[in-house]
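Opening my notebook for a quick look around this fold. Here is the model I had on screen.

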Amino acid sequence: MKRYLYKIIDFPHFDNENGSLAIFQPKDVPFNIKRVFTITDTKSGSTRGGHTHHKTIQVLVCIRGGCIVDFDNGKAKKSIALNKPYRGLVLYPYVWHTMRNFKPNTVLLCLANTKYSEKDYIRTYEKFLNCLKSTK
Ligand code: TYD
């Protein structure tokens with residue numbers, strides 16, 4: 001099974017001396033959006049994520065502030081700094097991801113293709129590696 005690592009989507013945006021406007025429309029997202037959530041009020045030094053999913057695909061957009069997202073698909077690892085209010089990072093299923101180095105007042109917007117289900121989570125790295133072996 002091909003394991004995608006990530007994709008960047010630059011959403012349409014209009015920036016001028018009066019401010020910036022970014023537009024998030026279903027046609028620019030590679031799945032049907034079933035859920036939108038935000039992560040805010042992160043403390044400096046805190047981490048979020050530290051898991052992956054069986055089915056959920058997400059687009060993370062740092063609409064304010066910035067953070068680093070570390071992710072890997074069991075073969076390749078990558079870290080991306082998210083700090084543009086129009087830049088989306090697509091995280092596919094079976095991509096282990098952690099967010100860290102939050103700047104003050106960071107707002108992370110997340111679009112997802114699933115309803116929330118705890119069963120969709122893989123919350124230990126060991127289980128993640130086992131899943132990769134069993135879904136080869
Ligand atoms: P979690 O996804 O573990 O947060 P993070 O990856 O940012 O560290 O979710 C934290 C808690 O919120 C967890 O108890 C599940 C709950 N939650 C929902 O109920 N619905 C949701 O859509 C999400 C994303 C989380």
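This is a predicted model: local features need pLDDT of at least 70, side-chain atom pairs count only at pLDDT 80 or more; totals for chains, interfaces and linings use all residues.

Is Tyr94 buried or exposed? I found Tyr94 buried, because its relative accessible area is 11% (buried is under 20%, exposed over 50%, partly exposed in between, with a 1.4 Å probe and protein chains only).

Residues are numbered from 1 along each chain as its sequence is written, and side-chain values use heavy atoms, leaving out hydrogens and water.

**Positive phi**

I placed Tyr94 in the loop between strand 9 (87–91) and strand 10 (strands are DSSP runs of E, at least two residues, numbered from the N terminus). Its phi is positive, about 60 degrees, though Tyr94 is not a glycine. Asp41, also not a glycine, has a positive phi near 55 degrees. I located Asp41 in the loop between strand 4 and strand 5, and it counts as exposed because its relative accessibility is 65%.

**Val107**

Next I looked up Val107, which lies in strand 11 (residues 107–112). At 22% relative accessibility, Val107 counts as partly exposed. Leaving aside neighbours within four places in sequence, I saw Val107 in contact (heavy atoms within 4.5 Å) with Ile39, Thr40, Val61, Cys62, Ile63 and Arg64. Ile57 sits 50 residues from Val107 along the chain, and their C-alpha atoms are separated by 19 Å.

Methods: Helices (H or I, at least four residues) and strands (E, at least two) are DSSP runs, numbered from the N terminus.
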